[in-house]
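Come along and check each entry against the picture.

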Amino acid sequence: MRCQACGKHRPTRRVVFYRNIGALVMRFSNQIDGNLCKRCINSYFFEYTAVTLAVGWLGLISFFLAPIFVVHNVARYCGTLGLPADYPGGSCHGEHPTESLTRDAAERLLPFAQEIGDRLDYGEDLDAVAADVAPRANVSAVQVELFVEAVATKGLRA
Ligand SMILES: [Zn+2]
């Protein structure tokens, strides 16, 4: 799964965080809603909740709204605590070599591009195709998925 905030290939969880900025008669609220990785969940949670705590309650509606937002954010955040920061075996320092589409992996996958495309067109599940092709191309299943994404977006397929 790709994080919708940073675009990295990491485990994600669907979250919604709210932020409120009270300005006496007006108020400004916004929200982040999407499948995010742990790092992005952390940064959005702290930013949205800290701003709401600091200036969220200034104003009539805001005075009642801000605590609800904060409680909501904390509850949603607690629900993501079990989410791993990375895939098993993934490194904290930069992209793990088997979790990014290296030039090497792309070259090894090129001979399988037609087969992968045909099988996906035929309605086969990407996970199943990736699991089957990865050992034959000597790449990881994640790389097969990244390859398919790259091909789908850039049209590398002949
Ligand atoms: Zn992220």
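**Entry 1**

At roughly what angle do the axes of helix H4 and helix H5 cross? I began here, keeping in mind that this is a predicted model. H4 covers residues 113–121 and H5 covers residues 126–137. I found that their axes cross at roughly 155° and come within 10 Å. Angles over 145 degrees count as roughly antiparallel, so I wrote down H4 and H5 as roughly antiparallel to each other. The crossing in which H4 passes H5 is right-handed.

Next I looked up who makes the contact. From H4 I noted Ile 116, Arg 119 and Leu 120, and from H5 I noted Leu 126, Val 129 and Val 133. Sorted by class, these residues give five nonpolar, one charged and no polar.

**Entry 2: another helix pair**

I then turned to H1, which spans residues 38–55, and to helix H2, which spans residues 60–78. Their axes cross at roughly 160° and come within 9 Å. That angle makes H1 roughly antiparallel to H2. Here H1 passes H2 in a left-handed crossing.

On the H1 side I listed Phe 45, Tyr 48, Thr 49, Thr 52 and Leu 53. They meet Ala 66, Phe 69, Val 70, Asn 73, Val 74 and Tyr 77 of H2. This contact has eight nonpolar residues, three polar ones and no charged ones.

**Entry 3: Tyr 44**

Is Tyr 44 buried or exposed? I first placed Tyr 44 in helix H1. Tyr 44 has 20 other C-beta atoms within 10 Å, so I marked this residue as buried; the cut-off for buried is 20 or more. Leaving out residues up to four places away in sequence, Tyr 44 touches Phe 17, Ile 32 and Leu 36. I also checked Gln 31: Tyr 44 and Gln 31 are 13 residues apart in sequence, and their C-alpha atoms are 9.7 Å apart in space.

**Entry 4: Asn 138**

Where does Asn 138 lie? I found Asn 138 in the loop between H5 and helix H6 (141–154). Asn 138 has 11 C-beta neighbours inside 10 Å and therefore counts as exposed. Most residues other than glycine have a negative phi.

**Entry 5: stepping back**

Last, I looked at the domains. The protein is divided into domain 1 (12–78) and domain 2 (97–154). I noted 39 Å between the C-alpha centres of domain 1 and domain 2.

Note on methods. Residues numbered from 1 in each chain as written. Predicted model: local features only at pLDDT ≥ 70, side-chain atom pairs only at ≥ 80, totals over all residues. Domains from an automatic or database assignment. Axes fitted to C-alpha atoms, helices over the stretch in contact; angles between N-to-C directions. Helix = DSSP H or I, 4+ residues; strand = E, 2+ residues; numbered from the N terminus. Parallel < 35°, antiparallel > 145°, perpendicular 65-115°, else oblique. Left-handed = near helix turned anticlockwise from the far one by under 90°. Contact = placed C-beta atoms within 7 Å. Nonpolar A, V, L, I, M, F, W, Y, C, P; charged D, E, K, R; others polar. Buried ≥ 20, exposed ≤ 12 C-beta atoms within 10 Å, placed from the backbone.
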